Number of protein chains: 2
Amino acid sequence: MELLRAQNARGHFVCVGLDSEFAKIPECVRSGRTADVAIAAFNRAIVERTGDLVCAYKPNVAFYEAHGGAGIEVLRHTINDIRSLAPEVPVILDAKRGDIGNTNNGYVQMAFEYLGVDAITVHSYLGREALQPFLDRVDKGIFVLCRTSNPGASEFQNLPVNGGPLYRFVARRVASEWNKNGNCGVVVGATYPEELVKVRAIVGDMPILIPGIGAQGGDLEKTVAAGKDSFDQGMIINSSRGIIFASNGPDFAEAARRETQKLHDAITRCLSNGGEQCRQSS
Amino acid sequence: MELLRAQNARGHFVCVGLDSEFAKIPECVRSGRTADVAIAAFNRAIVERTGDLVCAYKPNVAFYEAHGGAGIEVLRHTINDIRSLAPEVPVILDAKRGDIGNTNNGYVQMAFEYLGVDAITVHSYLGREALQPFLDRVDKGIFVLCRTSNPGASEFQNLPVNGGPLYRFVARRVASEWNKNGNCGVVVGATYPEELVKVRAIVGDMPILIPGIGAQGGDLEKTVAAGKDSFDQGMIINSSRGIIFASNGPDFAEAARRETQKLHDAITRCLSNGGEQCRQSS
């Protein structure tokens, strides 16, 4: 978490989601390349043009696993590229893993040894006891799914539990019981700013990973107002498709930088004027 | 699910969990081999000696992902071996995945196209809307985590929701709302036989995947009495370490067969005498 906090302290809050689905990569990158080579080249170009603006990169494993073993190798390659091109930028593996304890050791090995990422997202359903192999990694960040950004998230997450919705119960457990090593964070979608307010009140200054800005339609102004901690920090605001697929032409990396800069500037404005007039300029 | 039902109809209920952790594989298999080659050889020997006794194989992805891209290739290799050696035996990928809808497409691709498995385990937390890419696969089985086998499972799964514990609410949603294609099942640990009774009452004749027999200590007699459906079927009773690591010598595959046969016979006895004297012979 130290790397993420340091990036926030430098005024960086944008997390670029490297959800590099092959079919959506510009034709000029795909042409004449196999899927794995094309995805690696695409990611590298994005990182080259955005590394100085972001607080983190967040590849979602699903887009890589879709290509089997070769896809996982590409992801490792991309992470190595991030280490060379933007060594101060941490990588959050969006893996949403969660198994019994003995088995989670395999995921810990995959994420923190094989891929060497700095943080991972996990499911809470099996409880703290099962997630202990993740929580024991004091050097890494463990982001627990709390209120997800999808339209159907409320089916379970808003169920009433002990007088409040389940997602708040999860937030409370993570903040009060799971965070003994100070390495926990929570995930709350930007598409639910009112829920974000509630979670921030529960977790204090714990980092919140906030997906759902951009293609998913989250409102930035409300997100920053609701998501910032008492130091005006503690936010990792993720945009994936809105940045990496901003152009499907040869200027895709430049377009990604432009969108990253826009989002960065808009967040900075939100923070500097307390929430007024911080909308992204068009 | 048809393949699983057919295996149950033939009197097969044992699922062998191919949780083939490299460090636990017998030295005689590991010696002189790289991890990926050793795991593939180990799995192949187990499948050769157990294929005629089992209802399914259930590799847990974590043990393969621990080895990165090469690990995923080994898993694919093992699944191909199962197709050749035991073509009537379905493969359940224990992946416990669950992301937003757009992203789950990547996992669907990985599981059902790249690996070509017959069923997968998933987390419910993001709700039906997010899991639709899985649920839409009418030709595949989707096992939703309900009551897991680990000691700390009750932290969230027993939370009171609408007058009953969360795991029953999940079971009810899956049975009443998610199973439009008749392709759903639920996961309930053998370590909680009372909860298994409750879930069976909720889900009717839906298949239940039951891990936790063997190394995790679940009681077989109670499990069969609680888990069987109205046709004395609908159970996939998984043992992983108790079978595949039954011997760490060169007789490991024979020992795996012996343990599988013992479990198979014990289940058969439980079913034939209504639960009396069905303990495994030692």
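## A buried leucine in chain B

B:L75 is found in helix α5 of chain B. The model is predicted. B:L75 has 30 C-beta neighbours inside 10 Å, so this leucine counts as buried. The cut-off for a buried residue is 20 or more.

Setting aside residues up to four places away in sequence, B:L75 touches B:P59, B:V61, B:Y64 and B:L115. B:L18 is 57 residues away from B:L75 in sequence. In space, their C-alpha atoms are 9.6 Å apart.

## Where the chains meet

Helix α5 of chain B also belongs to the contact between the chains. Chain B puts 45 residues into this contact, and chain A puts in 45 residues. On the side of chain B that touches chain A, at least two residues come from each of α4 (61-65), α5 (68-85), α6 (101-114), α7 (127-135), α8 (154-157) and β6 (160-161). The most come from α6(B), with eight residues.

What is the make-up of this side of chain B by class? It has 20 nonpolar, 17 polar and eight charged residues.

## The sheet of chain A

In chain A, eight strands form an open sheet. Their order is β2-β1-β10-β9-β8-β5-β4-β3, and the pairing is parallel. Strands β2 (56-57) and β3 of chain A stand at the edges. Each has a single partner strand, so one side of each lacks a neighbour in the sheet.

Is β3(A) enclosed or open to the outside? Six of the six residues of this strand (residues 92-97) are buried, so the rest of the structure largely encloses it. Both faces are covered. A:I92, A:D94 and A:K96 are buried on one side, and A:L93, A:A95 and A:R97 on the other.

The partner of β3(A) is β4(A) (residues 119-122). The two strands run parallel and are joined by three bridges. One bridge pairs A:I92 with A:A119. Between the strands, the chain passes through helix α6 (residues 101-114) of chain A. This β-α-β crossover is right-handed.

## The nonpolar core

Nonpolar side chains tend to be buried together in soluble globular proteins. Here the largest nonpolar core holds 193 residues. Which of its members touch the most others? They are A:V144, A:V186, B:V144 and B:V186.

Take B:V186. Leaving out neighbours within four places in sequence, B:V186 is in contact with B:F143, B:V144, B:C146, B:A171, B:V174, B:V199, B:V203, B:M206 and B:I208.

Notes. Residues numbered from 1 in each chain as written. Chains lettered and ligands numbered in written order. Predicted model: local features only at pLDDT ≥ 70, side-chain atom pairs only at ≥ 80, totals over all residues. Contact = placed C-beta atoms within 7 Å. Helix = DSSP H or I, 4+ residues; strand = E, 2+ residues; numbered from the N terminus. Nonpolar A, V, L, I, M, F, W, Y, C, P; charged D, E, K, R; others polar. Buried ≥ 20, exposed ≤ 12 C-beta atoms within 10 Å, placed from the backbone. Pairing = 2+ DSSP bridges. Right-handed = clockwise from strand over helix to strand, strands pointing away. Core = buried A, V, L, I, M, F, W, Y, C linked by C-beta atoms within 7 Å.
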